[in-house]
Amino acid sequence: MSLIMEDIKRINALKQFNKEFFKVEFNSDDSTLTLTVNGMRRNYIEVKNAEKAFDEVLELVKNFFIDQRSEGFDIKADEIKN
């Protein structure tokens, strides 16, 4: 069995996803939050208090990391002063 050009294109396409990311962006000018995943805008919302909503998202992500990091410990994020 041999590789054809389409196989090589599929293999190369897979390489771009070896690192994934997401970004939540707060814009104070228009009070919006934008969610970008792997460089593609996924969601865009207008919120009355976008700065507070952004801080809530940041705390959720931070607490997730604390909880994942502390799996070997008996302490969770909600037990730590944020």
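Modeller: Two strands pair if DSSP finds at least two bridges between them, and strands (E, at least two residues) and helices (H or I, at least four) are DSSP runs numbered from the N terminus. This is a predicted model, in which local features need pLDDT of at least 70, side-chain atom pairs count only at pLDDT 80 or more, and totals for chains, interfaces and linings use all residues. Residues are numbered from 1 along each chain as its sequence is written, and side-chain values use heavy atoms, with hydrogens and water left out.

Colleague: In which order do the elements of the protein chain run from the N terminus on?

Modeller: The secondary structure of the protein chain comprises 2 helices and 3 strands. From the N terminus on, the order of the elements is α-β-β-β-α.

Colleague: Which residue in β3 is the bridge partner of Leu-35?

Modeller: Strand β2 and strand β3 (residues 40-46) run antiparallel and are joined by 6 bridges. Along this pairing, Thr-34 stands opposite Tyr-44. For Leu-35, the bridge partner in β3 is Asn-43.

Colleague: Which residue in the turn between β2 and β3 has a positive phi?

Modeller: β2 and β3 form a hairpin with 2 residues between them. The positive phi, of about 50°, belongs to Asn-38.

Colleague: Why is strand β2 largely enclosed by the rest of the structure?

Modeller: Buried means under 20% relative accessible area, exposed over 50% and partly exposed in between, with a 1.4 Å probe and protein chains only. β3 is hardly covered, its 7 residues having a buried count of 0. Strand β2 (residues 32-37) is largely enclosed because the buried residues among its 6 number 5.

Colleague: Is Phe-65 buried or exposed?

Modeller: The structure holds 2 aromatic pairs (rings of Phe, Tyr and Trp, its six-membered ring, with centres within 6.5 Å; planes under 30 degrees apart are stacked, over 60 edge-to-face, the rest tilted). Phe-64 and Phe-65 form an edge-to-face pair, at 6.2 Å centre to centre and 85° between the planes. With a relative accessible area of 57%, Phe-65 is exposed.

Colleague: What share of the 82 residues in the protein chain do buried residues make up?

Modeller: The count covers the protein chain, which has 82 residues. Buried residues make up 16%.
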